Amino acid sequence: MGIVAGLDSSSAFTRIVVCDTDTGAVLRQGYAPHPVEAKATEADPQVWLLSLGEAAGGGLLEGVQAIGVCAQQHGMIPLDGQGSPVRPALLGNDKRAQVAAADLIDALGGRQPWAEAVGSVPQAPQPVAKLRWLARNEPEAAQRTAMVMQPHDWLVWQLLGRPARRTTDRGAASGTGYWSAATGAYRPDLVEIALGHQAALPEVLGPSDAAGTTPEGLLISAGTGETMAAAFGLGVGVGDAVVSLGASGSVMAVHHEALVDSSGLITSFADATGMHLPVVHTLNAVRALRGTAELLGTDLDGLSELALKSSPGAYGLVLLPYLEGERTPQLPHTAGTLSGLRRESMKPEHLARAAFEGMLCSLADALDVLRGRGVEVGRVFLLGAAAELPAVQAAAPAIFGTQVVVPQPAEYAALGAARQAAWALGVSQGTLSPHTPPAWQGAAAQVLEPGEELPMGQAVRQQYGATRDQIHPGAFDS
């Protein structure tokens, strides 16, 4: 038996899990918050190291043979020729680069060339857009930028003692906007278009490769982004989709090839195993539930109880939950709509039911974007605290039209990083194939079937779709 660790440096904290290499069983854990404001859009990367040191305190890493690192995605650290940051890191939640992203789309001749080049159309969070913003708003810092890294790249480099070789992995690279998951290669010309000059980029490692060994003899695996690590920790494979219920929502699925989508609805990520993770985002998920709960003077649990007093279809009430505009479909300037008001439907329980059905139907629309491109979906993993709500579990299988798996809460990103560390360690020792990750036990979960409710779920979706198409005709025509 060996021992490995997985480190997740998120936007707010560092979590470390120490696992058995053979089974994935968690032996011990560490945690520390980042000493920065939760809504900060910039950070000194050193705070991540301070948090890492605190989380690893008390001998947590004693006996560990290898470490895997995952970190918040879309952060960007511009470094000078000596490897020092030229300014604080720009974080993924920084929206200042929206105009820069639009400029980049125009600079390459539209959405289609970007989709063909790197599998995604520039968005404000991506490093490529942040580089453009830097060049336009902080030209001196941009001119000093000689190297560009993301949080996971930088942490791995620091753990290894800042060697001359700097690395990343396919998953993290696929979110930059200047690396193609389809070709497995950088597009340096896109960096130059964004930044105004060339900059060095980390070497992209394979899924089971090691980034190096620390001065203390610890093997460090390639690492990856949080999304890819979480998928790896869950153990999803071809035929599986993951629906994440946060304030906004996302739908991703494991697929055998990168997808080119000129509409910009699909972002073509690479995963941590050598496959691909096409992702579709919505701007509204649990925020629609919270807004409805506040309107009705209750909380999410109370909203769920109310919704279960109604029936599928909510007596004809339909909520299009586009409260912050919407990304899928592309309706950035729209608002939410409540349709179907009749005297008999004007009750709290029907509005509560419409909120849950509207959120799930919107996510089912996102799921259909992937299905429409040939992505196989045999079951859906439902993540987030809202996945535990009885009203979500009652409606989701029939609305999604497939088996729904609700994993028990766990640190899946950190577990995925640990599993990657075990893979790299096994390959280095000759006990594992570089093409086959360790077969850790999958997530403990509740499994829900659509069963006899499937026709009702289809009717709910038809009602939702008819309302959406009437109010926003042609929203999905592209």
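A salt bridge here is a side-chain nitrogen of Lys or Arg within 4 Å of a carboxyl oxygen of Asp or Glu. With that in hand, I opened this predicted model and started my notes.

**Entry 1: salt bridges**

How many salt bridges does the structure hold? I found 16.

I looked up the one between E203 and R165, whose side chains meet at 3.0 Å, N to O. E203 sits in strand β12 (residues 203-205), while R165 is in the loop between α6 (151-159) and β9 (167-169), so this pair ties together parts 38 residues apart in sequence. I checked how open each partner is. E203 has 38% relative accessibility, so I noted it as partly exposed. R165 comes to 39%, so it is partly exposed as well.

Next I turned to D365 and R461, which form a salt bridge with their closest N and O atoms 2.7 Å apart. D365 belongs to helix α12 (residues 348-371) and R461 to helix α15 (residues 454-471), so the pair links parts that are 96 residues apart in sequence. Are these two buried or exposed? I found both D365 and R461 buried.

**Entry 2: along α12**

An α-helix has 3.6 residues a turn, so residues three or four places apart point the same way. D368, at 31% relative accessibility, counts as partly exposed. R371 is partly exposed too, with a relative accessible area of 28%. I then followed the shared partners: salt bridges join D365, D368, R371, R461, R468 and D469 into one network.

**Entry 3: nonpolar cores**

Which residues touch the most other members of the largest nonpolar core? I got L245, L382 and F400, out of 57 residues in that core. Helix α12 turned up again here, as it gives the most to this core, with 14 residues.

I listed the contacts of L245, leaving aside its neighbours within four places in sequence. They are V286, M359, L363, L382, L383, G384, A386, A387 and V392. I also found a second, separate core of 35 residues, with A231, V236, M252 and F381 among them.

**Entry 4: helix α3**

Which residues of helix α3 (residues 111-118) are buried? I wrote down W114, A115, A117 and V118. They span an arc of only 165° around the axis, which puts them on the same side of α3. I asked what covers them, and the cover includes α2 (98-107), α4 (127-137), β10 (179-180) and α8 (188-195). Just after α3 I noticed G119, which takes a positive phi of about 80°.

**Entry 5: a pocket**

My last stop was the second largest pocket, which holds about 360 Å³ of space. I counted 23 residues in its lining, and Y412, L415, Q441, G442 and A443 lie nearest its centre. β3 (26-33), α9 (226-234) and α14 (412-429) each supply at least two residues of this lining. Which element gives the largest share of the lining? I found that α14 does, with four residues.

How values were computed: Residues are numbered from 1 along each chain as its sequence is written. This is a predicted model: local features need pLDDT of at least 70, side-chain atom pairs count only at pLDDT 80 or more; totals for chains, interfaces and linings use all residues. Side-chain values use heavy atoms; hydrogens and water are left out. Buried means under 20% relative accessible area, exposed over 50%, partly exposed in between (1.4 Å probe, protein chains only). The arc is that of the directions from the helix axis to the C-beta atoms. Contact means heavy atoms within 4.5 Å. A nonpolar core is a set of buried Ala, Val, Leu, Ile, Met, Phe, Trp, Tyr and Cys residues joined through side-chain atoms within 4.5 Å. On a 1 Å grid over the protein atoms alone, a cavity is a set of points where a 1.4 Å probe fits but cannot get out, and a pocket is an open set with protein on both sides within 12 Å along at least five of seven lines; lining residues have an atom within 4 Å of a point. Grid points are joined across faces, edges and corners, and a volume is the space filled by probe spheres set on the points.
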